[in-house]
Amino acid sequence: MSWLSNGDDRESTLSVLPDIAENFTALYHSLWVQPHLPAEILEVCRLRLAQLHRSAVEWQRRDCAIPTAKSEHLARWDTHSDFSDAERACLAFTEVYAMDTQALTDELAAGVKGHFGDAGLVMLVEALGIFDGMTRLSLLWQLPADSIHPAVGEALR
Amino acid sequence: MTGSLRATNPNPSSGNMIRDSALGLVPETLDHYMGLNRKIWESGLLGPAAIEIARLRNARKVNCVFCKSVRYDIARADGLSEDKVAMIQDDFRDSALSQREKLILAFTDQFLNDPGGLTDALKAELLAQFSQTELVHLSMAVAHFSGFSRCAVSLGGMPDSLPVMEISLPS
């Protein structure tokens, strides 16, 4: 139970507004099945945002399966061999987006477009907006994380 | 201008400013995005003037020139004047805004500045003035507006300024 609802997760908190919840769920689902950007890449970007916001709840969430090694090495995405050039382009964009959206450059955008075109870039910024917003709400709502395994604490450090 | 326009819709033909923007390149999400926007304005407990106060605070903090220039007609019809809009500044706590309006701004600032740092004092103030369901509604409005304005900034081509323009909810 959080401070502003009887729910203890995103879905139960949103359930008090069924119309908004239904539309949000449809939008969120559509992110994972669109053809412009692979769901696995969206998931590593979402998890990177969770790390940067230090959100245990969002770090523990899984919207798309990715190899465990990839999440374990996510903080070192820029040098670790688990990450492809396409993933690095999206993660580089994600990191600057998280720190200061105004600081995004044409070069960072071109890096994403080089792999996924204009539609891929639009898909990424739409998804980042939703991931960033829901990560902030998980923190603001003070949703409880599952018992925190030491590895989670390490990943968010 | 903040960088060049980084993505464009090659076939703008709907006459709808959002569908004709780069967002139209991803039709798989656009209808859901627009549907959520409409529900946030029309189906929650907070009225359009209250929602517009949160939207404009976010727009100013994220510095989305497009978002800052827009006024929703339904918010004006609900009583949001330009005099009130002028009070949506960093010193809003000393303004003539109502306590509820000030708390909408404080909540929006908390979301944007330090979502993990909500104090017990602000939590108590919020719960004294709003129902829990109203706060969930405000939460989703702020998250939606934040995502939308960051999307606009991320896609570049933002002018340095724009005149205030009144719009209706996009269909």
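## A walk through the two-chain model

Let's start in a loop: Gln142(A) sits between helix 7 (106-140) and helix 8 (150-156) of chain A, where helices (H or I, at least four residues) are DSSP runs numbered from the N terminus. Gln142(A) has a phi near 55°, a positive value in a residue other than glycine. With 14 C-beta neighbours inside 10 Å, Gln142(A) counts as partly exposed; the cut-offs are 20 or more other C-beta atoms within 10 Å for buried, 12 or fewer for exposed, and partly exposed in between, with C-beta atoms placed from the backbone.

Before going on, a word on what you're looking at. This is a predicted model, in which local features need pLDDT of at least 70, side-chain atom pairs count only at pLDDT 80 or more, and totals for chains, interfaces and linings use all residues. Residues are numbered from 1 along each chain as its sequence is written, while chains are lettered from A and ligands numbered from 1 in the order in which they are written. The predictor gives the complex an ipTM of 0.96 and a pTM of 0.96.

Another positive phi turns up at Arg54(A), about 55° although this residue is not a glycine. Arg54(A) lies in the loop between helix 3 and helix 4 (56-60) of chain A, and is partly exposed, with 15 other C-beta atoms within 10 Å.

Helix 3 is mostly covered, with 12 of its 15 residues buried. The buried set includes Ile41(A), Leu42(A) and Val44(A), but also Glu43(A), Arg46(A) and Arg48(A).

Now for the core. The largest nonpolar core has 91 residues, and Val122(A) and Leu124(A) touch the most other members; such a core is a set of buried Ala, Val, Leu, Ile, Met, Phe, Trp, Tyr and Cys residues joined through C-beta atoms within 7 Å. Helix 7 of chain A gives the most to this core, with 18 residues. Leaving out residues up to four places away in sequence, Leu124(A) touches Leu37(A), Cys90(A), Phe93(A) and Val112(A), a contact being C-beta atoms, placed from the backbone, within 7 Å.

Finally, the contact between the chains takes 43 residues from chain A and 46 residues from chain B. On the chain A side, the largest share, 18 residues, comes from helix 7.

Terms used. Helix = DSSP H or I, 4+ residues; strand = E, 2+ residues; numbered from the N terminus. Contact = placed C-beta atoms within 7 Å.
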